[in-house]
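The following note collects remarks on the model shown below.

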Amino acid sequence: MENLKEIEALNIQGEQAEVSHRWLRWQKSFRRYYIASGLNKKGKEVQSNTFLHLIGEDAADIYETFTFKQEGDEKEDKDDIDTIIAKYESLFNPQKRITYL
């Protein structure tokens, strides 16, 4: 789709709860863009670089700090879109601990 509008960059400034909320909304927008633009039919390198372009410079800089397992059964591909999203998910939307009294 040539007339498809790019999504806005993710704003990662502010409180964790705000960033988490914005991340969830941004991720939904990206998933729609991923399908509507035909990005899902492109190679992994194109997908990952498009993701990093769309997420914005501040959030893309964080990608450079991620480590990807290179050995064993759980080897991670740095260009796999699901792996990249999971890394951001664990950062921006960490599991919440519930304490029972």
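Which residues in α2 meet which residues in α4?

1. The model under review is predicted. On the side of α2, the residues involved are Gln47, Ser48, Phe51, Leu52 and Ile55. Their partners in α4 are Ile81, Ile84, Ile85 and Tyr88. Sorted by class, this contact of α2 with α4 comprises 7 nonpolar and 2 polar residues, and no charged ones.

2. Two packed helices are described by the angle between their axes and by the distance between those axes. Helix α2 spans residues 44–55 and helix α4 spans residues 81–92. The angle at which α2 and α4 pack is about 35 degrees, and their axes lie 9 Å apart.

3. As to the overall architecture, the chain contains 4 helices and 0 strands. Read from the N terminus, the order of elements is α-α-α-α. Along the principal axes, the C-alpha atoms occupy a box of roughly 55 × 35 × 25 Å.

4. Contacts and burial may be considered together. Where contacts join residues at least 6 apart in sequence, 62% of them link residues at least 24 apart. The chain has 101 residues, of which 37% count as buried.

5. The accessible surface of the chain amounts to about 7600 Å², and carbon and sulfur atoms account for 48% of this surface.

6. Glutamate 57 deserves a separate comment. This residue belongs to helix α3, which covers residues 57–63. Is glutamate 57 buried or exposed? Glutamate 57 counts as exposed because its relative accessibility is 69%, and the cut-off for that class is over 50%. Alanine 9 is 48 residues away from glutamate 57 along the chain, yet the C-alpha atoms of the two are separated by 8.1 Å.

7. A further comment concerns lysine 69, located in the loop between α3 and α4. Its relative accessible area is 41%, so lysine 69 is classed as partly exposed. Which residues does lysine 69 touch, not counting those up to four places away in sequence? With that exclusion, lysine 69 touches Glu74, Lys75 and Glu76.

8. In summary, the description rests on a predicted model with 4 helices and 0 strands. The packing of α2 with α4 is described by an angle of about 35 degrees, and the contact of these helices has no charged residues.

Definitions and conventions
Residues are numbered from 1 along each chain as its sequence is written. This is a predicted model: local features need pLDDT of at least 70, side-chain atom pairs count only at pLDDT 80 or more; totals for chains, interfaces and linings use all residues. Side-chain values use heavy atoms; hydrogens and water are left out. Helices (H or I, at least four residues) and strands (E, at least two) are DSSP runs, numbered from the N terminus. Buried means under 20% relative accessible area, exposed over 50%, partly exposed in between (1.4 Å probe, protein chains only). Contact means heavy atoms within 4.5 Å. Accessible areas come from the Shrake-Rupley method with a 1.4 Å probe; for residues, only the protein chains shown count as cover. Axes are lines fitted to C-alpha atoms, for helices over the stretch in contact, and angles run from 0 to 180 degrees between N-to-C directions. Ala, Val, Leu, Ile, Met, Phe, Trp, Tyr, Cys and Pro count as nonpolar, Asp, Glu, Lys and Arg as charged, and the others, Gly among them, as polar.
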